[in-house]
Amino acid sequence: MAARLDRTDLKMLRLLQNNGRLSNAELAETVAISPATCHRRTQRLFEDGFIAAVRAMVAPKKVAKGTLVMVGVVLDRSTPESFATFEQAITRLKCVLDCHLVAGDFDYFLKIRVGDMEDFNRIHGEQLIALPGVRQTRTFFVMKEVVDNAPLEF
């Protein structure tokens, strides 16, 4: 990373990570470069994949998705085919924010946003346990979000 990014690039990434609404002019002024140079550098950060996307962080409670649920999933088989089939199917569930293949007691760990426990119960019964290869799920209702989507440290 260090060979491709200089201090200005790193500062730009940190600033944009904390406030994606910074205008090019504000960003350029903060890092002490011209707006044209700043624009070129920002474009390069996108093109080189250092910035994957820019999007708004919607407040879940404001859109009736205030309940956060973490779900551990165990598949009935641990084969490349069963993993691929599960992964293809899980991408179609819009309630799933994150899906990670993990080591340990579970094969996958899911982060799901729902309106309430009743909403999750419906999704669990109709969608999650019907996913291909699912042998077992273990559900954890989040009581308090202490740190969520913290900026990367670099």
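Which residues in α2 meet which residues in α3?

1. This is a predicted model, in which local features need pLDDT of at least 70, side-chain atom pairs count only at pLDDT 80 or more, and totals for chains, interfaces and linings use all residues. Residues are numbered from 1 along each chain as its sequence is written, and side-chain values use heavy atoms, with hydrogens and water left out.

2. On the helix question, Asn24, Leu27 and Ala28 in α2 meet Pro35, Cys38, His39 and Thr42 in α3, where contact means heavy atoms within 4.5 Å. By class, this contact of α2 with α3 has 4 nonpolar, 3 polar and no charged residues; Ala, Val, Leu, Ile, Met, Phe, Trp, Tyr, Cys and Pro count as nonpolar, Asp, Glu, Lys and Arg as charged, and the others, Gly among them, as polar.

3. The axes of α2 (residues 24-31) and α3 (residues 35-47) come within 9 Å and cross at roughly 100°, and the two helices are therefore roughly perpendicular to each other (65 to 115 degrees).

4. Strand β3 (residues 108-114) has 6 of its 7 residues buried, so the rest of the structure largely encloses it; buried means under 20% relative accessible area with a 1.4 Å probe, protein chains only.

5. Strands pair if DSSP finds at least two bridges between them. Strand β1 (residues 67-75) runs antiparallel to β3 and is joined to it by 7 bridges, with Val71 opposite Leu110.

6. Strand β2 (residues 96-101) also pairs with β3 in the antiparallel sense, over 5 bridges, and His100 stands opposite Phe109. The hairpin of β2 and β3 has 6 residues between the strands, and Gly104 there takes a positive phi near 120°.

Terms used
Buried < 20%, exposed > 50% of the residue type's maximum accessible area, 1.4 Å probe, protein only. Helix = DSSP H or I, 4+ residues; strand = E, 2+ residues; numbered from the N terminus. Axes fitted to C-alpha atoms, helices over the stretch in contact; angles between N-to-C directions. Parallel < 35°, antiparallel > 145°, perpendicular 65-115°, else oblique.
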